[in-house]
Each structure stands twice: as structure tokens, then as C-alpha cells.
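Subject: Structure for you to look at

Hello,

Here is the structure I said I would pass on. Please open it first, and then read the notes below it.

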Amino acid sequence: MEQEHPLAEREITVDVAVVGSGASGLSAAVRARALGLDPLVIDIADRFGGTVPLSSGALWVPDNPVMRAAGVTDSAEAGLRYLEACVGDEGPVTSRKRKAAFVHEGPRLVEFLMKQGVDFQYSDPYPDYFPELPGGHERGRIILPRPFDLRRLGSWSGRVATVPGFTMKLLVNSVREAMDLPFAAVAPQGRRALASVLSRTLWSRARGRSEVSLGQALVAHMLLAAQHLGVRFAPRTALRDLIVENGEVAGVTVSAGGLSRTIRARRGVILAAGGFARNDEMRKRYHPQPSSARWTTVGPHDVGDGIRAAVGVGAATALMDEAVWTPVSVLPDGSVAGTVWERETPYCIMVNGDGDRFCNESANYMEIGQKMYEQDNASCWLIMDNRHRRRYPYGDALPGRTPKEWLRSGYLRKADSLEELARLCGLPPERLRATVERFNKLADAGFDKDFGRARSAYDRAGGDQGHRPDPNLGALRKAPFYAVEQFPGDTGTCGGLLTDEHARVVSEDGSVIGGLYAAGSTAARVTGRAYPGGGASLATAMVFGFIAANHVADRVTAGR
């Protein structure tokens, strides 16, 4: 059912103004409405979900009820112990109280959403990113939304952001299934995954359904819950400033259709407007260099509006120099593609500008991005031999098939020898040759004593399960050789407003700013400079949106 736009009047009053319709904003709004409040969600975009539709839609939640129903053992104590080990101490932003709030409220969020009709499933075993640490989990703590038929949303079906590319339109049921797809040409589990995904997708289309999966499905499930509860939305509405009265935040001013509007909030304002991945001025001010909005995978509206507005009323920030870094390549058309399985498989290495390896190529993306920034030049090269190109896809290019434009443009460098490849990439030929020869000896021995590649269960889970004896290690010997330049991209910024365990924004002097809350990428991440597991970004965003709504509902008197 289509709503009348709620901002027809110059000024309106609601219980809570939620700025942003991504994971944290939707979580906050649905929870607030279920608690009897009148929330209004404003978003600068025409479609809802922020960058969630571009994601896996996975949630990393220790000891969640979907895990328990699947017979997988976990505990809140183990989850907290793991966070303490992997995240460490980055000051108030990663305080034990904040970590504990996430761990203990996460299962409650999942239970609440399931009661609202959000249909989750346990993802096939996929380990935490550091499963060997205390409290780490080798089976994984990831849950995913089940595929969703957009027809259920009625006139709202067009409000879910679309995703580019053929692969993202396939109906995928688990992270494990998505990880197996690139290996369809070489491994039995890859072929099984491809058969399952294709049959599921084709059967859905044949029955006339408009099903989506992964991040799109999560947004759709949340929108349906919001629709049933009667949550109001104001699309194409941009945040301008916060309204402060008597020392507390009492609402926001916005721009809608070129007109200024005032939204007064009786209980509070929840900022869930994303980070600043698309703001080059902020990146230049806060990030290590080079850092560019050209390399991010985040959508165009992630420009730091929520952070800017809160800083303007005295809010403190944290982790502003950090992001969820990930190696990316820039395609000939200027678009950005993340590098995932391409670096985790055998027959490849990553080298810096000196032609040296500098990381465990199969480690999680954030860790590799951080290693890239430790080099003199943050860009690097993924070096592959012919077996890599014949066995595995690279991006959307199928195994053994290379777009001619890739070679003409120089996006993909190809040579009959390592020395020639080095010259094409501007690398020292002798150094690259020596690096490859050393790696080949390590790969032949099945033990990477330089960087520990393939030692972790996480590394092995992302590799070629059909490759023997190791899913990650394979010597580079078969010409021709290939190279693609890699840049330190990101899937979002980590820095943002400092909040406490109730998601309340904290001021520069350490006091709480009354009436102001933040979650998602607008808030500095409780996971600090680490990434504990697939789905941690969405999970922490949604949990702290949930926490914010709970506190707003209890906030009856000023200053509480």
C-alpha cells in the first residue's frame, strides 16, 4: 500500500526520527514501531536499504536462535571471549560494555525479527575470520535471510534497490554456496552449488516469481515487517541539521523536493545515515593516503551527513582513519570489482611495488587492506599463472575466457615470462622471479612459513576444495603469466560517532548528548580495527539500531 508523503507540512512531530533506511535504520524503525512509538524514516535516496542490497545480507550473531535450531553449539560467553581476543582495546569505542551489549542483544534482535516474519536460515558451515582465537567458531555464526518474492511488498516492490551484474541476481541460499560457485569448473561442491543455484533461480522465474536473495532479501523482509507495522517513510529527503533545544536534540531539519522541512522528535533522533566512503574531502582529512571514493564499493549517498550534523553539536568521533578495507581492481569502464576468490586460490600471489609478497593472500579482506597500507605504495599486483586463469573465473570472466578489452586496456597484463610481466607492471624483474621461486618452494612443501597462508580454517574455507593437497597453495610455473593491479578499496568506513552501550552519542567532554543516538556506519564500530566474521557489519548495525530503539522507548523524561 502506497503512503502519502508525510512531509507535506512544513513542520511535523513524531516520536523518533530515524535518518537512513539501511540495516540499522530499518532495525531501529521496526523495533520502535513494535514498541508503540511513531517513527519516521527519512532517506536521501528514492529506494530503501542503503548499501545492504549490494551485500551478502549475512548477520554474524553469536549464540543466535537460528544456530541453536540447527543444532550448532555456541554461547554468549564464547562470543564475548572471541571479540575480546580479536578486537582488543581501541578505547571507549570497543569497551567491554559495548561488546557485551552487542553479544547479549544480538540473539534478542534475531528472535524479535523472526516474530515480525523475517525468515532466517543458518548458513552452511563458514568459520569466523580468526577461528583459532579463544572463543572462535569453526562452523560459523552466520545467518542469512531466505529468498523473498518482491510481489509480497505490493506497491513497495520497487522500493528495494536493484543490484548490478548477473551473479547477484541468482538465488543463493548460503555463504558457503556463494563461495563454492567460482569453483564450478574444478570441484564437485562447486558443480553442486551451481546446479542448486541455477535450478532454484530458473524454477522461481518459471513460476512467475520476482524473488531476490542475499542483501536484497534482507531489505525486503525488513520492509515487509515495517509495512505490516505501519512504519512511515520519507524518501528523497536529505538531512540538513540537528535541532537542539535546552541542551538536547529535539529533531532535524531536512530538505525534501527542494523545500526545507522541520521534523520534531519527542523521544529522540537515531542517526543511521551511513559513513563517509563517498566523501573524498573527509577521506583526505582522516584516512591514510592514498584513499579514494573511486575505490569504494559503497553507494553514492554515503557522504557523511549524519556524522557532520552530530559533530556540529559537539559529538565525539573515533576510528576515523579506519575502514573495512578490501582489495579491488578498477575495470576498463571505471567500475570497481572486489578481489575475493581470485586471491584465495592456488597459483597466485600478491606482491608490492618491490615485487615482494607482503601478506597472506587468503586472509580476510580487511586484514589484507591494512597490509596494503603498510607498503610504500598502497597499490599492489595479483600475479597468476595460466592454471589460475584456466581453472577459476576472474570477476565475471569465466575460466579460460579473457575479454579482449581487458588486454587492450592494460587492465590485465599478460606475458610469456615472469621477467616480461614484471616489466609490464613496472616491477623489478629479478625480484619478482626470486619471489615466485621462493613461493613455489613453500607451495611444493605445503607450508607457507613466510605468511601462514592456508594455516587457518578460514583460509582453507575460501580456497579450491578440489585442489590437492591444499586448497590455497599452488606454485606459479605455467606460462603465460597474468597480473591485475589491486587498490585499497573498502566496503564502508569504520570511523564515526562515539556511542555508548545504549547507542547514545557521546560528546567531546565524555557526557551523553541527550536525545541523540547513532548506529551502523554513522557510529564508530564496536569491532574496532578487526573484522570478526562475515556479516559482522550488518549484525552490529542492526543490533545497535535495535538497542537505540529500546532506549528511545524507555526515554520518558528529559535527560534519561
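In these notes, Ala, Val, Leu, Ile, Met, Phe, Trp, Tyr, Cys and Pro count as nonpolar, Asp, Glu, Lys and Arg as charged, and the others, Gly among them, as polar. The model is a predicted one: local features need pLDDT of at least 70 and side-chain atom pairs count only at pLDDT 80 or more, while totals for chains, interfaces and linings use all residues. Residues are numbered from 1 along each chain as its sequence is written, and side-chain values use heavy atoms, with hydrogens and water left out.

The second largest pocket
A pocket is found on a 1 Å grid over the protein atoms alone, as an open set of points where a 1.4 Å probe fits, with protein on both sides within 12 Å along at least five of seven lines; lining residues have an atom within 4 Å of a point. The second largest pocket has a volume of about 200 Å³, where volume is the space filled by probe spheres set on the points, and points are joined across faces, edges and corners. Its lining has 13 residues, and Asn360, Glu367, Gly452, Ser456 and Asp459 lie nearest the centre. By class, the lining divides into five nonpolar, four polar and four charged residues.

Helix 7
Helices (H or I, at least four residues) and strands (E, at least two) are DSSP runs, numbered from the N terminus. Helix 7 covers residues 214-229, 16 residues in all. From its first C-alpha to its last it reaches 23 Å, close to the expected 22 Å; the expected span is 1.5 Å times one less than the number of residues. Of the 16 residues, 14 are buried (under 20% relative accessible area; exposed is over 50% and partly exposed in between, with a 1.4 Å probe and protein chains only). Leucine 214 belongs to helix 7 and has a positive phi near 55°, although this residue is not glycine. Leucine 214 counts as buried because its relative accessible area is 11%. Just after helix 7, glycine 230 also has a positive phi, of about 85°.

Arginine 236 is in the loop between strand 8 (232-234) and strand 9. Its phi is positive, near 55°, and arginine 236 is partly exposed, at 46% relative accessibility. Strand 9 (residues 237-245) pairs with strand 10 (residues 248-256) in the antiparallel sense over eight bridges; two strands pair if DSSP finds at least two bridges between them. Aspartate 241 has threonine 253 in strand 10 as its bridge partner. Two residues lie between the strands of this hairpin, and asparagine 246 there takes a positive phi near 55°.

Contact means heavy atoms within 4.5 Å. Leaving aside neighbours within four places in sequence, the contacts of arginine 283 include Gln289, Trp325 and Asp490. The peptide bond from glutamine 289 to proline 290 is cis, with omega near 5°, and proline 290 is in the loop between helix 8 and helix 9. Arginine 294 lies in that loop as well and counts as exposed, because its relative accessible area is 55%.

Another cis peptide bond joins arginine 468 and proline 469, with omega about 5°. Proline 469 is in the loop between helix 16 (457-461) and strand 18 (481-493).

Regards
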